[in-house]
Protein chains: 2
Amino acid sequence: MKALTRNQELVLDVLQRSARQMSAYDILDKLRPEGLKAPLQVYRALEKLMEIQLVHKLESLNAFVSCNHKSCHGSDMTAFTICQDCGAVNEFSADGVAALLKRQSVGEGFKIYQTAIEIKGTCARCM
Amino acid sequence: MKALTRNQELVLDVLQRSARQMSAYDILDKLRPEGLKAPLQVYRALEKLMEIQLVHKLESLNAFVSCNHKSCHGSDMTAFTICQDCGAVNEFSADGVAALLKRQSVGEGFKIYQTAIEIKGTCARCM
DNA sequence: TATGTAATGTTATAATATAACAAACTGAGT
DNA sequence: ACTCAGTTTGTTATATTATAACATTACATA
């Protein structure tokens, strides 16, 4: 487990402090005071952070969240609920779903590398 | 079930003829000969077509596919495998997964509106 | 025909993401 | 310490994806 570089630390830190998902440009704006200037600096850090599963991308929102969910590091399965009213995103453990998907995809001769499950709807608070 | 408008027909037709997923701009380029000029014409058609589930968006690719999968109209659950080698996309039926997700999310007090499951990996052909 | 809803066309612009290339840093092996 | 390979960085420019705003037209139906 390699140490993070400065830019990676900065990006991760911003994401961890944020209550919400952030776009790459949201992150960039937060980090301008630290000297970051170009989107690529953020995107590159995000790429690495996703590689080591400290950050996930919400594909349907083009946004990023940090992941403290220990069980998820080393897993290739992430699942999120996204509330369409309040915007709250919640990562939840989907082990049963993961197992089922794996079985099914093996049945179809497909080798899973990474899975994104994004569920849009209404959260308990907003109902 | 309302009839489709001209633009919606055109967009759906292009997608159905295509062996692959297409970006909105891919579609636009195919339809320039029919007189379409602006991205919005395509995006608006796509929006409607997705609403009535004749088209799905692959969130992780920012691309669109048509859906002939009868069982899926009226469902709020779509699942895709995406081969990272050849790019082939396959929609598969994930009823079991859907049921499981529904049970689990209900447990967490979340009301599902729409779910995207996108699995990246290697297809049988490419293994 | 009046009326409301939906769809259209158009221009402009916002938001998201990557290409290309030179330079600096890092770590392992010698 | 030296060097080599690999990674990370900084930077400018550009590609790709998506929406805003607004005037206009089509269309069903009461």
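## Terms and basis

On a 1 Å grid over the protein atoms alone, a pocket is an open set of points where a 1.4 Å probe fits, with protein on both sides within 12 Å along at least five of seven lines, and its lining residues have an atom within 4 Å of a point. Points are joined across faces, edges and corners, and a volume is the space filled by probe spheres set on them.

This is a predicted model, in which local features need pLDDT of at least 70 and side-chain atom pairs count only at pLDDT 80 or more, while totals for chains, interfaces and linings use all residues. Residues are numbered from 1 along each chain as its sequence is written, chains are lettered from A in the order in which they are written, and side-chain values use heavy atoms, with hydrogens and water left out.

## Largest pocket

The largest pocket holds about 610 Å³ of space, and among its 22 lining residues Met50(B), Lys57(B), Glu59(B), Tyr113(B) and Gln114(B) lie nearest the centre. With strands taken as DSSP runs of E of at least two residues, numbered from the N terminus, strand 5 of chain B gives the most to this lining, with five residues.

## Second largest pocket

About 460 Å³ of space lies in the second largest pocket, whose lining of 21 residues has Met50(A), Lys57(A), Glu59(A), Gln114(A) and Lys120(B) nearest its centre. Strand 5 of chain A gives the most to the lining of this second largest pocket, with six residues.

Conventions
Helices (H or I, at least four residues) and strands (E, at least two) are DSSP runs, numbered from the N terminus.
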